[in-house]
Amino acid sequence: MFDLTSGQQDLRARARSLAESHVAGRAAEVDASEAYPVDTVEKLTAAGFMGMTVPKDLGGAGRSYLDTVLVIEEMARVCGVTGRIVVEGNMGAIGAILRYGSPEQKELAAKLVLAGDKPAICITEPGAGSAATEMTTTAEKQGNHFVLNGTKHWITGGGVSRLHLIFAKLVEDGEPKGIAGFIALRDEDEGLEIGTREPALGLRGIPETRVHFRNLKLGADRLLVPPEGIARGFAGLMTAYNSQRVGAATVALGIAQGAFETARDFTKKREQFGRPIAEFQGLQWILADMKVAIDAARLMIWQAAASAETNGTGFPDPLLAAQAKILASETAVKVTNDALQLHGAAGYSRNNPIERMLRDARMFTIGGGTAQMLRNLVAGKILGIKTPQTRDGYHKLMKGKAGS
Ligand SMILES: CC(C)(COP(=O)(O)OP(=O)(O)OC[C@H]1O[C@@H](n2cnc3c(N)ncnc32)[C@H](O)[C@@H]1OP(=O)(O)O)[C@@H](O)C(=O)NCCC(=O)NCCSC(=O)CCS(=O)O
Ligand SMILES: Cc1cc2nc3c(=O)[nH]c(=O)nc-3n(C[C@H](O)[C@H](O)[C@H](O)COP(=O)(O)OP(=O)(O)OC[C@H]3O[C@@H](n4cnc5c(N)ncnc54)[C@H](O)[C@@H]3O)c2cc1C
């Protein structure tokens with residue numbers, strides 16, 4: 001189904017070379033120090049892996065999402081943090097701005113990511129996680145500018161990202177008009193303040209922080225509205241966000257692939273009862289199941305990424321993206337857990353990479369839409385029905401059905 005072109009094979013080989021020559025050797029230290037790997041970002045930038053999806057006329061390589069996932073998997077195979085940096089340097093916020101933005105917005109965003117900035121996407125709030133549309137951050141129109149107030153939470157890259165894409169409820173003359181995107185720059189736009197850092201289980205080399213907007217004043221030129229208009233602004237922004245779901249799925253895939261290879265090699269070396277433990281059929285079947293699940297997840301990710309080329313939106317199909325992320329994230333949790341089991345106590349030691357991979361994998365059934373919320377999306381699509389999650393949403397749906 002997927003024959004990679006020679007250009008894609010070269011790209012993947014280049015990514016593997018950087019991953020093995022630099023990224024792999026830094027992964028444990030990045031985890032232990034919990035410091036953003038600036039040196040790695042410089043190498044990613046020099047290799048052209050930040051802003052790969054930026055069109056050629058803006059100085060990028062104009063690469064596809066399928067090309068991008070090839071690079072992400074190679075990085076995540078040795079370091080989940082680096083995989084996530086490549087995701088956000090090419091998908092999510094930058095994807096939305098490159099598609100929906102004004103020429104000036106595109107230029108600004110392209111310049112930043114091509115220089116190594118990993119943009120931050122600000123959707124989640126303390127009281128609005130899965131129920132993202134219940135966000136309370138507002139952008140009040142005052143004359144020719146907007147004033148933002150609110151708090152976002154779990155923002156990946158808080159304090160290291162410069163470019164922020166903020167989802168906020170646009171209010172005009174006291175009336176809510178819909179959810180729009182706003183582009184803001186840390187250290188330039190007064191009122192964008194980085195809050196406390198969450199002590200996270202895994203992926204510790206990227207800060208997860210609160211981000212506060214305290215009378216953050218942005219000009220009208222920072223407003224990002226998808227072509228369907230402000231009333232459907234959230235749907236348009238989520239359409240773009242599907243790219244990041246595919247990216248997150250790919251980080252999970254890469255971590256699983258790395259854990260699988262590590263466990264496979266370990267079982268061939270470790271001896272018990274006078275023979276390599278790889279000779280025990282109980283362990284062979286665990287390895288076989290890992291390989292089946294990983295290859296299935298990869299195919300689903302490639303299919304989702306490739307759908308962006310054909311479905312007319314420029315972004316991966318929502319159903320395929322959700323399916324890919326469910327499968328890849330749950331595969332990563334299972335594979336890393338099984339890989340640790342195959343190592344015995346050695347897997348439990350912080351001197352070996354498996355425990356880090358297990359902690360890093362754990363995020364992906366949560367961030368980017370939980371596995372449960374993504375199943376709600378899949379269920380809605382396969383049943384052809386809207387699946388509202390609020391009580392009154394269901395009541396309205398049922399009332400509509402009774403009347404029809
Ligand atoms: C979408 C939800 C927030 C549920 O909210 P609602 O029930 O209020 O909204 P809906 O009616 O379901 O959706 C509103 C509107 O948007 C369209 N939509 C929703 N999702 C998508 C999508 N993925 N692609 C395209 N369009 C979408 C939907 O069709 C509706 O349009 P119509 O009115 O029907 O025309 C909730 O389901 C949800 O997704 N929650 C998860 C929130 C989330 O993903 N947050 C991620 C934050 S960023 C992050 O975590 C980064 C981590 S990463 O790994 O890098
Ligand atoms: C490492 C990490 C990085 C992140 N990065 C970002 C970022 O950069 N930007 C950003 O905006 N956000 C980010 N997030 C936030 C992430 O998007 C949210 O954590 C996620 O959407 C879930 O929200 P929540 O944590 O509030 O869980 P909740 O929504 O409170 O969910 C709690 C539990 O209830 C379940 N649940 C809730 N509603 C339903 C329902 N209707 N049906 C079935 N089950 C349901 C969930 O599946 C979950 O198991 C990140 C999170 C993590 C862990």
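1. The protein chain splits into domain 1 (6-115), domain 2 (120-233) and domain 3 (240-383). These bounds come from an automatic or database domain assignment. This is a predicted model, in which local features need pLDDT of at least 70, side-chain atom pairs count only at pLDDT 80 or more, and totals for chains, interfaces and linings use all residues. Residues are numbered from 1 along each chain as its sequence is written, chains are lettered from A and ligands numbered from 1 in the order in which they are written, and side-chain values use heavy atoms, with hydrogens and water left out.

2. Start with domain 1 and domain 2. Their centres, taken over C-alpha atoms, are 23 Å apart. Domain 1 brings 21 residues to the contact and domain 2 brings 23. Contact here means heavy atoms within 4.5 Å.

3. The size of an interface is often given as the accessible area lost when the parts come together. Between domain 1 and domain 2, about 1900 Å² is buried, and carbon and sulfur atoms give 70% of that. Buried area is the accessible area (1.4 Å probe) that two parts lose on being put together, summed over both. On the domain 1 side, Glu34, Arg84 and Tyr100 lose the most area to domain 2. Together they account for 29% of what that side buries.

4. Two salt bridges cross the interface of domain 1 and domain 2. A salt bridge is a side-chain nitrogen of Lys or Arg within 4 Å of a carboxyl oxygen of Asp or Glu. Arg84 and Glu208 form a salt bridge through their side chains, at 3.1 Å from N to O.

5. Which helices supply the side of domain 1 that touches domain 2? α1 (6-33), α4 (80-88), α5 (92-100) and α6 (103-114) each give at least two residues. Helices (H or I, at least four residues) are DSSP runs, numbered from the N terminus.

6. Now ligand 1. It has 25 residues around it, and Thr133, Arg232, Gln244, Gly368 and Lys386 come nearest. A residue counts as near if one of its heavy atoms lies within 4 Å. Gln244 places a polar side-chain atom 2.7 Å from an oxygen atom of ligand 1.

7. Ligand 2 is surrounded by 20 residues, with Thr124, Ser130, Trp154, Thr370 and Gln372 the closest. A polar side-chain atom of Ser130 is 2.7 Å from an oxygen atom of ligand 2. A backbone N or O atom of Ile121 sits 2.8 Å from a nitrogen atom of ligand 2.

8. The whole structure holds 22 salt bridges. One joins the side chains of Asp31 and Arg359 at 2.8 Å, N to O. Asp31 is in helix α1 and Arg359 in helix α11 (residues 354-361), 328 residues apart.

Key
A polar contact is a pair of N or O atoms within 3.5 Å; within protein, one must be able to donate a hydrogen and the other to accept it, and residues adjacent in sequence count only if both atoms are side-chain atoms.
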